Amino acid sequence: MSDTLDIRVVVNGVTYERAVEPRLLLSDFLRQTLGLTGTHVGCEHGVCGACTILLDGDSARACLTFAVQADGCRIETVESLGTVARMSPLQEAFREHHGLQCGFCTAGMLMTSVDLLKKWPLASDAEIRDGLSGNLCRCTGYQHIVAAVRAAAAQRKDGSK
Ligand code: FES
Ligand code: FES
């Protein structure tokens, strides 16, 4: 019997078909199998939020998901947002408002914020704090991250991109 299973996923708009071990975590699949190392791995047990990605449009912990569970799903990682030369408005807001220091939590913060702003486009500070409460940052004290997400939300309010 084969000890791998075939899966098919669409990651950042690209379709991948791979044979994976059933125990392979989605975080390891993204980082090691696909080479998408923007998704970070911190605690590996669902606490820190560093590994947050979008799974069929909703934020999810890649370290708590097996790759086989994502079979047939659409995944977005931080690489979907923008590049250094062409950042998304949310990334630009993080840069502008000093929403990161070491950057370890940033991919997870960004992907959680994408989901948060999709669900609460004009999020208040309380909603932003609530939405980000599952993501840990040991550098910033959170204030600058909240300011960045607030700025991104305000930009949407203004209709600017
Ligand atoms: S690495 Fe997944 S929640 Fe910490
Ligand atoms: S910027 Fe260092 S952990 Fe958040």
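This is a predicted model: local features need pLDDT of at least 70, side-chain atom pairs count only at pLDDT 80 or more; totals for chains, interfaces and linings use all residues.
Student: Which residues of H2 and H5 meet, and how do they divide into nonpolar, polar and charged?

Tutor: From H2 come Pro89, Leu90, Ala93 and Phe94, and they meet Ile145, Ala148, Val149, Ala151, Ala152 and Gln155 of H5. Sorted by class, the residues of this contact between H2 and H5 are nine nonpolar and one polar, with no charged residue.

Student: Why is H2 called oblique to H3?

Tutor: Helix H2 covers residues 89-96 and helix H3 covers residues 106-119, and their axes, which come within 10 Å, cross at roughly 125°. Since the roughly perpendicular range ends at 115 degrees and the roughly antiparallel one begins over 145, an angle of roughly 125° makes H2 oblique to H3. The crossing of H2 and H3 is right-handed.

Student: Which residues make the contact between H2 and H3?

Tutor: On H2 they are Leu90, Gln91 and Phe94, while on H3 they are Thr106, Met109, Leu110, Ser113, Val114 and Leu117. By class, the contact of H2 with H3 comprises six nonpolar and three polar residues, and no charged ones.

Student: What makes H3 oblique to H5?

Tutor: H3 packs against helix H5, residues 143-158, at an angle of about 40°, and their axes are 11 Å apart. Only angles under 35 degrees count as roughly parallel, and the roughly perpendicular range starts at 65, so an angle of about 40° makes H3 oblique to H5. This crossing of H3 and H5 is right-handed.

Student: Where do H3 and H5 meet?

Tutor: Met109, Ser113, Leu116, Leu117 and Lys118 of H3 meet Ile145, Val149, Ala152, Ala153 and Arg156 of H5. The contact of H3 with H5 has seven nonpolar residues, one polar residue and two charged residues.

Student: How is the protein divided into domains, and how many residues does each bring to the contact?

Tutor: Domain 1 runs over 5-80 and domain 2 over 89-158, and their C-alpha centres lie 22 Å apart. The contact takes 19 residues from domain 1 and 15 residues from domain 2.

Student: What area do domain 1 and domain 2 bury between them?

Tutor: The size of an interface is often given as the accessible area lost when the parts come together. For domain 1 and domain 2 the buried area is about 1,200 Å², with 57% of it on carbon and sulfur atoms.

Methods: Residues are numbered from 1 along each chain as its sequence is written. Chains are lettered from A and ligands numbered from 1 in the order in which they are written. Side-chain values use heavy atoms; hydrogens and water are left out. Axes are lines fitted to C-alpha atoms, for helices over the stretch in contact, and angles run from 0 to 180 degrees between N-to-C directions. Helices (H or I, at least four residues) and strands (E, at least two) are DSSP runs, numbered from the N terminus. A crossing is left-handed if the near helix is turned anticlockwise from the far one by less than a right angle, and right-handed if clockwise. Contact means heavy atoms within 4.5 Å. Ala, Val, Leu, Ile, Met, Phe, Trp, Tyr, Cys and Pro count as nonpolar, Asp, Glu, Lys and Arg as charged, and the others, Gly among them, as polar. Domain bounds come from an automatic or database domain assignment. Buried area is the accessible area (1.4 Å probe) that two parts lose on being put together, summed over both.
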